[in-house]
Amino acid sequence: MRNFLLKIQIVLLFSASLGSLWAEDGRDRLNAVIGRMNSLESFRASVTLNGGLTGVVSYKSPNQLHVRFSDGRIISSNGRILWFYNPDSSIAGKQDLKGVSGGLGGLLSGYENVTVSGRTFRLTSTTKRYNEIILVVSDNDLPRVLKMKRSDDEITEIAFSGIATNIGLGTGLFNFQPPTSSQIVENPLNQKE
């Protein structure tokens, strides 16, 4: 479950010019994409994780997230608490989000090198959890593919499709409560491996 939780941190999430550009130009273009995602009131998209597991991600500003995977797993956040639920094990991780900056901006910030070619961004760092991130965006600057590589060469790829923006999403969707029979693990992302 720990490995799954690390990969899903990235769902939270969300949301170029031709040729290879200097890092400053890449950062400027990347900031425009992040700004576009941050300007959305809400969105819903189909996602595919590592070419296999599928699901639907819903986001509502500010910081509300709900992901339901085809195998029944759920990730849900109301902006204060993030839940990870696995129906097969009946385990629910409850993570306090106090002081955490998330979203696309949080994931993509702090990279030493940012280059862009067409609609593909490449971010590299020797100090970040993911030493390389590839972000491919659509013509309207919405994410199509997010590929993250750790220093141990583990790769997580999330593909987005069918993105609908600024749609009505009720707040009830983001206030997940696991079944009462679930075992609850407090703050699993704070635990050391």
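How many bridges join strand 1 (residues 42-49) to strand 2? The views below come from a predicted model, in which local features need pLDDT of at least 70 and side-chain atom pairs count only at pLDDT 80 or more, while totals for chains, interfaces and linings use all residues. Residues are numbered from 1 along each chain as its sequence is written, and side-chain values use heavy atoms, with hydrogens and water left out.

**View 1. Strand 1 and strand 2 form a hairpin.** Eight bridges join these antiparallel strands, where strands (E, at least two residues) are DSSP runs numbered from the N terminus and two strands pair if DSSP finds at least two bridges between them. V47 has G55 of strand 2 as its bridge partner, and in the turn, which has three residues between the strands, N50 has a positive phi of about 55 degrees.

**View 2. Strand 2 also pairs with strand 3 (residues 64-69).** This antiparallel pairing extends over six bridges, with V67 in strand 3 as the bridge partner of V57. Six of the eight residues of strand 2 (residues 53-60) are buried (under 20% relative accessible area, with exposed over 50% and partly exposed in between; 1.4 Å probe, protein chains only), so strand 2 is largely enclosed by the rest of the structure.

**View 3. R119 and D139 meet in a salt bridge.** The N to O distance is 3.2 Å, a salt bridge being a side-chain nitrogen of Lys or Arg within 4 Å of a carboxyl oxygen of Asp or Glu. D139 lies in the loop between strand 9 (130-137) and strand 10 (143-150) and R119 in the loop between strand 7 (113-117) and strand 8 (120-124), so the pair ties together parts 20 residues apart in sequence.

Note on methods. Helices (H or I, at least four residues) and strands (E, at least two) are DSSP runs, numbered from the N terminus.
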